[in-house]
Amino acid sequence: MSHFSPTAAVSYFFNYFLMKGVLVTIGLTVAAVVGGLILGMGIALLRMSSNPVLAGAARFYIWFFRGTPLLIQLVVIYSGLPQLGIKFSVITCALVGLILNEAAYLAEIVRSGFMAVSAGQREAAWALSLSPWVTFRRVTLPQAFRLMIPPLGNSINSLLKATSLASVISVEELMRRSDMLMQEHFQILEVYAAATAYYLILTSVWDAVQRRLEKHFGRSSAAKTRRVATSAPVAPASVEARA
C-alpha cells in the first residue's frame, strides 16, 4: 500500500506543466472579472431604470444566471450551442460562461452600492451646480465603490475557485492539469496537495489585496468627508453675497 509522499507533492508544486495551469486560472479570473464588471455595470443601470421593460429584462437576467449552476451554463455553451450552429473555442466558451455568470452577481453588488449612497449626497452636489457626470464621477461612484469592495472581493475570491469548473469542458487550467497529472502518475494526494497549495496562495494573495483596497479607500473617503465638511459653509455665503 502506497503512502503519501511529501517529496512528490513538492515536486508537483514546482512542476512546469502545473504552473502553466495556474497562469490559465489567473487569466480566466482576471478576464471574467473585467468582463463581468463591464456587463454587470450595464445590467445594474438597467435594473435601476424607471423603464419597466428594461428593469424587468435585467431582473430576469439576474434571476436566470444566479438561479442555475455555473456548471450547466458552461456545458450548454460548450456542447449545446453547436447544435444551433454557434461554435466557440474552448477558452472562449469558458470566458463567456464565467462572464455571464459573474455579471449577474456583480450587477447586484453594483446596484446595492449605488443604492446605499445617500440621496442627500447627490442633492448637495446639485446645490453646488455640479453636472450629472461630475456628480457621478466625484461624489456617487467613489462612495459606492468603497461600499462595493467587501462583497466584490468575496465574489472574486469565489470566482477564482469557480474557474476549476472549466475543467469539465477541457480547459487546461489548474484543476484540469492536476487531473491529467493524477491520471498519468496515479499519485492522487500528492497532485491535489500541490493544487490545493496553489489555490490557497492565490486566494490569500487576493485577500491581502482586498484588505489593502478597503484600507486605502476607507482612508480616502474619510479625508474627502473632512474636506467637504470644511468647505460646505462657503457655498451659502457666496449665494447670499450674489443675492
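How many helices and strands are there in the protein? I found 10 helices and 0 strands, taking helices as DSSP runs of H or I with at least four residues and strands as runs of E with at least two, numbered from the N terminus.

Ground rules next. I am working with a predicted model, in which local features need pLDDT of at least 70 and side-chain atom pairs count only at pLDDT 80 or more, while totals for chains, interfaces and linings use all residues. Residues are numbered from 1 along each chain as its sequence is written, and side-chain values use heavy atoms, with hydrogens and water left out.

Confidence: I noted an average pLDDT (the predictor's confidence in each residue, from 0 to 100) of 86, and 88% of the residues score at least 70. Residues 231-243 stay under 50, and there the model has 1 contact (heavy atoms within 4.5 Å) beyond four places in sequence.

Record check: the unreviewed UniProt entry lists residues 22-46, 58-78 and 84-107 under "transmembrane region". Its positions follow the numbering used here, feature names are shortened, and annotations may be inferred rather than shown by experiment. I compared two of these spans with the model. Residues 22-46 are 100% helix, with end C-alpha atoms 36 Å apart. Residues 84-107 are 75% helix and 0% strand, and their end C-alpha atoms lie 28 Å apart.

Burial: of the 243 residues, 33% are buried, meaning under 20% relative accessible area, against over 50% for exposed and in between for partly exposed (1.4 Å probe, protein chains only).

Salt bridges: I searched the whole structure for a side-chain nitrogen of Lys or Arg within 4 Å of a carboxyl oxygen of Asp or Glu, and the search gave 5. One of them pairs E108 with R47, with the closest N and O atoms 4.0 Å apart. That pair links distant parts of the chain, since E108 sits in helix α5 (residues 90-116) and R47 in helix α2 (residues 16-47), 61 residues apart. E108 is buried at 18% relative accessible area, whereas R47 is partly exposed at 21%.

E108 also meets R111 in a salt bridge, at 3.2 Å from N to O. Both residues lie in helix α5, 3 residues apart, about one turn of the helix. I then saw that R47, R66, E108 and R111 are linked in a network of salt bridges.

Last entry: R177 and E172 form a salt bridge at 3.0 Å, N to O. R177 is buried at 9% relative accessibility, while E172 is partly exposed at 33%.
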